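This report describes how the parts of one protein model are arranged and joined. Please examine the sequence and the structure below before reading on.

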Amino acid sequence: MSAISAHILPTASVEQTGPTHTLAQLQRGDQGRISSVEVGTSDLSRLKALGLCMGRNVRVVSSGNPLIVSVLGARVGLSHSLARQVNVQLH
Amino acid sequence: MALVGNPNAGKTTLFNRLTGLRARTANFSGTTVEHRIGGLRLEDRSVTLIDLPGMYSLDASTPDEQVAADALRGKLPGQSAVDAVLLVLDATNLTRNLMLAGQVLELGIPTVVALNMSDVAQEQGLQIELGPLEQELGCPVIPVSAKQGDGLEALLSSIAHTLQSLEPPHFHSSEACQSCNGCEYASRFDWAEAVGRSAIRGDAEAPSRATEAIDQWLTHRFFGLAFFSLVMLATFMLIFWLASLPMDLIDQLFGVSAELVSGLLPAGDFSSLITDGVIGGVGGVLIFLPQIAILFFVLALLEDTGYLARAAFVMDRVMARVGLPGKAFVPMLSAHACAIPAIMSTRVIENRRDRLVSILVLPLMTCSARLPVYAVVVALLFGDSAWKKAVVFAGGYSLGIVAAFGMAWVFRQSLLPGKPSPLVIELPNYRRPSLRSALLLTADRCWQFVKNAGTVILMISIGLWAMATYPKTELADLPAERQAAIASLGETEAEYALGQAQLERSVAGRVGKAIEPVFAPLGFDWKISVGVVSSFAAREVVVSTLSILYGLGEEPEDTDTLLGAMRASRHPDGSPVFTVATGLSLLVFFVLAMQCLPTQAVTARESGSWRWAWLQLGYMSTLAYVAALLTYQTAAALGLG
């Protein structure tokens, strides 16, 4: 878990740490930081409430459809179709 | 005082600990959202504790969350604002729980934090430093274990103190930048992570590690589904084996009390109303209670361990193909015991269209009330072959499931178009379930079932009784040759034969005869037609109706006599009524037909409109009729008629 990201607000100026992928493209064990979420409003609030929003560090627990990610120390299962709309910068 | 927390934070267990058995379930006015209210006795006062639905944030995505958030903000009509909040945080999942904590503390309501599952956290080598945590949250934090009952004294005294001072939390809201980036929660999550880091000592990932190891198997694409099938199978075996003894007892209890009452009351309409209408009708519902109780108990245990979220997870892909969300699977499982609790449990589905599709197809599942009907038809057709019986039973179940999936797909193509909303579900840490909580929850759910089904069923039973009793027929009203035939019989047979004539001439009998032509293409004679009509409100009634119509009294000594009478039954032209074709057609009809008024009442209430209940009745009746017609005509053409 990166120590910097928690103390600064996630804005466009955050330093780039790695290439950007969608969450759906990541493999088991991959870790990164969510750079943007391009989901429609109704699903967005559900994702956000569980911690899947810009600036959070995520780790893929299992890939596939649906897939499992670890965020904020808890696991969230989500459909591949949503994971495709979540962009992640790999550490 | 409101009890607030994430789902899975152990809120309900803590609520049960604090209020014991003095709690009741109520609806928020004008909504179907339920909450539990309980009394909390402190030294100097008593407090009303409201258990709000679990939520992840104050920005709601389900009706339950919306109501909880409104209640907390004092925006709910007819509900006064809360004086204080008891906030439950899961010590093994603190960081995520802190997000809601931040939102709640910002409301400025006096708050006490119960840090639940502190014992489990400790076992896993996780220390939570209360000092920094209280500093950051600006309110008292009391470590508790709701399951073991530890720390409750300290919690109660802290609550008493807070209620006395009514001091708002010294909480400095994070200077949230609400508009300058893509997620207004980002700063709140940053805060939660920072607080989590400062308060948690030890291996923060420890609780997750065991869970992730188990999940490798339980959420596996193949093993996950296989394990889920095993769990389902075991649940059903438990339901059917364990429930048979209490079901027999309930059956006998109602039989005995009906006899007792009819012995006490003078013979006549009133006695018949009480014994056949009221006692018979209510007994007919309560007999399913053991199965429902076992189902709820098993589901409560599975939920508490964290497994149910995995079941929804592994089923999501399968269900999505027919347009149902993964979360509809638990309701579908429950519907195999009874559609009423199943429809009530669709509340976990966030999206309204998803929920409506689920509600519409749930009653197609083979519920326990269909089993007596299957049993009679199967015994009638294949009395001699155990494996043929098993095949037909399995066929009944499968037909229900296939029809439900098929109709879900049809509704998705027509009335409620669109894809199910994609899955987003928390997979909580696995943990040991609390027996106490599961038992309390089961008792509560059973009571709700009795209240829901009981009141409707009572009215229906009385209505049905009246239809089957009036207009009354005396022996003298019958044609002479029939009177003579009855007179030549023994006492019991004569009574049964008179009963048969009475039902035949009652409103139910006349309606059945009048609509016989409608059911004739399905292979049904007038007696079966009366059975279909009289079981319109409750399908299991068809067995006792047929029994009366075949002149056997209400409860034949053994089912063999009923089967014998049905086998011997002939059409006016002398051909047997109960051919394989008729039997299969009757079975298909009862698999697919609605035939349950209490379910419709629940559909109307949960969907917010009787239109959906009528639609459900309409499509299921049409489906049942057409499928039974096809079955009969095909079977007859194959020479089985």
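Over all chains, the structure holds 20 salt bridges, a salt bridge being a side-chain nitrogen of Lys or Arg within 4 Å of a carboxyl oxygen of Asp or Glu. One of them joins Arg96(B) to Glu426(B), with 3.1 Å between the closest N and O atoms. Because Arg96(B) belongs to helix H3 (residues 94-106) of chain B and Glu426(B) to strand S10 of chain B, this pair ties together parts that are 330 residues apart in sequence. Helices (H or I, at least four residues) and strands (E, at least two) are DSSP runs, numbered from the N terminus.

The model is predicted: local features need pLDDT of at least 70 and side-chain atom pairs count only at pLDDT 80 or more, whereas totals for chains, interfaces and linings use all residues. Residues are numbered from 1 along each chain as its sequence is written, chains are lettered from A and ligands numbered from 1 in the order in which they are written, and side-chain values use heavy atoms, with hydrogens and water left out.

An open sheet of 7 strands has the order S1(A)-S6(A)-S2(A)-S3(A)-S4(A)-S5(A)-S10(B), with antiparallel pairing. Two strands pair if DSSP finds at least two bridges between them. At the edges stand strand S1 (20-22) of chain A and strand S10 (424-427) of chain B, each of which pairs on one side only. Neighbouring strands of this sheet are turned by 40° against each other on average, direction ignored; axes are lines fitted to C-alpha atoms, for helices over the stretch in contact, and angles run from 0 to 180 degrees between N-to-C directions.

Two helices of chain B pack on this sheet. Helix H8 (residues 206-218) of chain B touches strand S3 (57-62), strand S4 (67-71) and strand S5 (74-78) of chain A, and its direction makes about 30° with that of S5(A). Helix H12 (residues 307-320) of chain B touches S4 and S5 of chain A as well as S10 of chain B, its direction making about 140° with that of S10(B). Contact here means heavy atoms within 4.5 Å.

| Strand pair | Bridges | Facing residues |
|---|---|---|
| S2(A) and S6(A) | 5 bridges | Ile34(A) and Val88(A) |
| S5(A) and S10(B) | 4 bridges | Leu78(A) and Val424(B) |
| S3(B) and S4(B) | 6 bridges | Gly38(B) and Leu49(B) |

**The interface**

How many residues of chain A are in contact with chain B? The contact involves 36 residues of chain A and 41 residues of chain B. The size of an interface is often given as the accessible area lost when the parts come together. Chain A and chain B bury about 3,500 Å² between them, 56% of it on carbon and sulfur atoms; buried area is the accessible area (1.4 Å probe) that two parts lose on being put together, summed over both. Arg46(A), Leu72(A) and Arg75(A) supply 23% of the area that chain A buries against chain B, more than any other three residues.

Between chain A and chain B there are 4 salt bridges. The side chains of Arg56(A) and Glu193(B) form a salt bridge with an N to O distance of 3.3 Å.

**A second sheet, within chain B**

Another open sheet of 7 strands runs in the order S2-S3-S4-S1-S5-S6-S8 of chain B, with mixed pairing. Strand S2 (23-27) and strand S8 (141-143) of chain B each have a single partner strand, so one side of each is left without a neighbour in the sheet. On average, neighbouring strands of this sheet are turned by 30° against each other, direction ignored. Helix H5 (residues 130-137) of chain B lies across strand S5 (85-90), strand S6 (111-116) and S8 of chain B, running at about 145° to S8(B).

**Backbone details**

Most residues other than glycine have a negative phi, and most peptide bonds are trans. The peptide bond from Asn65(A) to Pro66(A) is cis, with omega near -10°, and Pro66(A) is in the loop between S3 and S4 of chain A. A cis peptide bond, with omega near -10°, also leads from Tyr470(B) to Pro471(B). Pro471(B) is in the loop between helix H18 (435-469) and helix H19 (480-487) of chain B. Leu72(A), in the loop between S4 and S5 of chain A, has a positive phi, near 55°.
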